[in-house]
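Student: I have a structure to look at. Please show me how to read its features.

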Amino acid sequence: MPRNTQILLASRPQGEATVDNFQLVVTETPPLQEGQVLVRHHYLSLDPYMRGRMNAGKSYAPPQPLGEVMIGATVGEVVESRHPDYAVGDQVVGMGGWQEYSVVDARQPGVLRKVDTRQVPLSYYLGAVGMPGVTAWYGLVKIIAPKAGDTLVVSAATGAVGSAFAALAKARGCRVVGIAGGSEKCRYALDELGFDACIDYKLHQGDTQSLARALQQDCPQGIDGYFENVGGWIMDAVMLQMNAFSRMALCGMIAGYDGQPLPMRYPALILTQRMRLEGFIVSEHMDVWPQALQELTELVASGKLRPRETIAQGIASAPEAFLGMLKGKNLGKQLVKLV
């Protein structure tokens with residue numbers, strides 16, 4: 001059995017996460033038992049939710065245990081199998097974690113899913129045609145529920161979720177405005193992702209009123225729907241421009257993942273504008289995944305969704321790549337290439 005390099009959570013962050021919170025170890029993969037498969041991971045997904053799981057506080061899911069392999073989605077291939085439904089060479093997506101190999105009990109429903117790379121590259125199953133894409137689909141279709149002509153805004157616009165959101169919203173005849181950090185990301189949003197406008201939040205230096213004025217200029221009819229990935233002052237600015245009976249899909253609060261409270265400056269707007277604000281966790285809505293993945297696959301295959309990827313090389317690079325992603329250093333989906 002092959003040797004397996006893994007990244008463990010060694011300690012819980014006190015404020016901002018650092019590389020010292022992680023530990024690299026090398027272990028031997030155990031012999032397979034009946035019903036198990038050995039998967040060699042090709043790519044590891046790095047996602048903002050992982051930072052929240054590093055904390056010990058109460059959340060929608062248990063904290064990442066100390067001394068165990070960091071949680072994370074992976075794609076790869078079966079290299080050994082003792083399960084009749086999986087053959088050597090099958091390409092699969094699962095939650096293999098921050099490691100080069102995983103031993104999976106394939107008898108458990110939902111732990112592995114075979115994927116087809118004839119239309120979609122393998123790595124896309126961790127982004128545009130994976131959890132981030134389905135997250136965008138659910139927030140848009142099930143919570144925002146837009147009509148043609150609606151004005152929609154999404155923060156973290158050029159990430160894996162935001163880029164899928166733009167393609168899905170444009171397919172429904174909406175005007176889509178992004179919020180992103182930096183001129184390069186805004187150019188990408190306009191030139192490749194099909195956004196109607198993109199606002200560089202860095203130009204507003206944490207000034208809620210300044211960002212709200214920029215939103216007013218790009219959303220002259222107000223905002224009908226908002227997909228929130230960030231929170232904090234950016235969310236405050238968007239709320240100032242939201243229309244009566246607008247809808248907000250609350251997906252992430254990356255501005256608060258270091259454990260500090262995120263005050264809301266204008267909560268009265270939820271009442272006066274009769275907003276619908278709903279938080280959601282996409283893994284609690286597995287019934288919609290087939291429908292969402294089918295639409296996302298079609299958008300990628302047709303060229304209407306052109307996701308980018310930022311790829312770090314080797315398992316040892318995962319902690320630095322993860323911390324960089326939390327600071328917005330990536331463009332598109334952040335991955336680690338393992339093979």
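Tutor: Start with a space: the second largest pocket holds about 180 Å³. This is a predicted model, where local features need pLDDT of at least 70, side-chain atom pairs count only at pLDDT 80 or more, and totals for chains, interfaces and linings use all residues. Residues are numbered from 1 along each chain as its sequence is written, and side-chain values use heavy atoms, with hydrogens and water left out.

Student: What is a pocket, and what is a cavity?

Tutor: Rolling a probe the size of a water molecule over the atoms shows where empty space is left. Here a 1 Å grid is laid over the protein atoms alone; a cavity is a set of points where a 1.4 Å probe fits but cannot get out, and a pocket is an open set with protein on both sides within 12 Å along at least five of seven lines. Lining residues have an atom within 4 Å of a point. Grid points are joined across faces, edges and corners, and a volume is the space filled by probe spheres set on the points.

Student: Which residues lie nearest the centre of the second largest pocket?

Tutor: Met95, Gly96, Gly97, Ser102 and Val104, out of 20 lining residues. Strands S3 (36-45), S5 (91-94) and S6 (101-105) each supply at least two residues of that lining. S6 gives the most, with four residues. Helices (H or I, at least four residues) and strands (E, at least two) are DSSP runs, numbered from the N terminus.

Student: How many cavities of 30 Å³ or more does the structure hold?

Tutor: One. The largest cavity has a volume of about 70 Å³. Its lining includes Ser123, Tyr124, Arg308, Glu309 and Lys333.

Student: How do I read a nonpolar core?

Tutor: In soluble globular proteins, nonpolar side chains tend to be buried together. A nonpolar core is a set of buried Ala, Val, Leu, Ile, Met, Phe, Trp, Tyr and Cys residues joined through side-chain atoms within 4.5 Å. Buried means under 20% relative accessible area, exposed over 50%, partly exposed in between (1.4 Å probe, protein chains only). The largest core here has 52 residues, and Val134, Phe165, Phe195, Phe227 and Leu305 have the most contacts inside it. Helices H2 (131-144) and H8 (289-302) are among the elements that each supply at least two residues of this core. Another core, of 23 residues, lies apart from it; Ile223 and Tyr266 are among its members.

Student: Which residues of H8 are buried?

Tutor: An α-helix has 3.6 residues a turn, so residues three or four places apart point the same way. In H8, the buried residues include Trp289, Ala292, Leu293, Leu296 and Val300. S7 (112-114), H2 and H3 are among the elements that cover the buried residues of H8. Just after H8, Gly303 takes a positive phi of about 85°.

Student: Which residues other than glycine have a positive phi?

Tutor: Ala145 is one of them, with phi near 45°. Ala145 sits in the loop between H2 and S8, and is partly exposed at 42% relative accessible area. Gln205 also has a positive phi, of about 50°. Gln205 lies in the loop between S10 (197-200) and H5 (208-218).

Student: Is Gln205 buried or exposed?

Tutor: Exposed, at 75% relative accessibility.

Key. Contact means heavy atoms within 4.5 Å.
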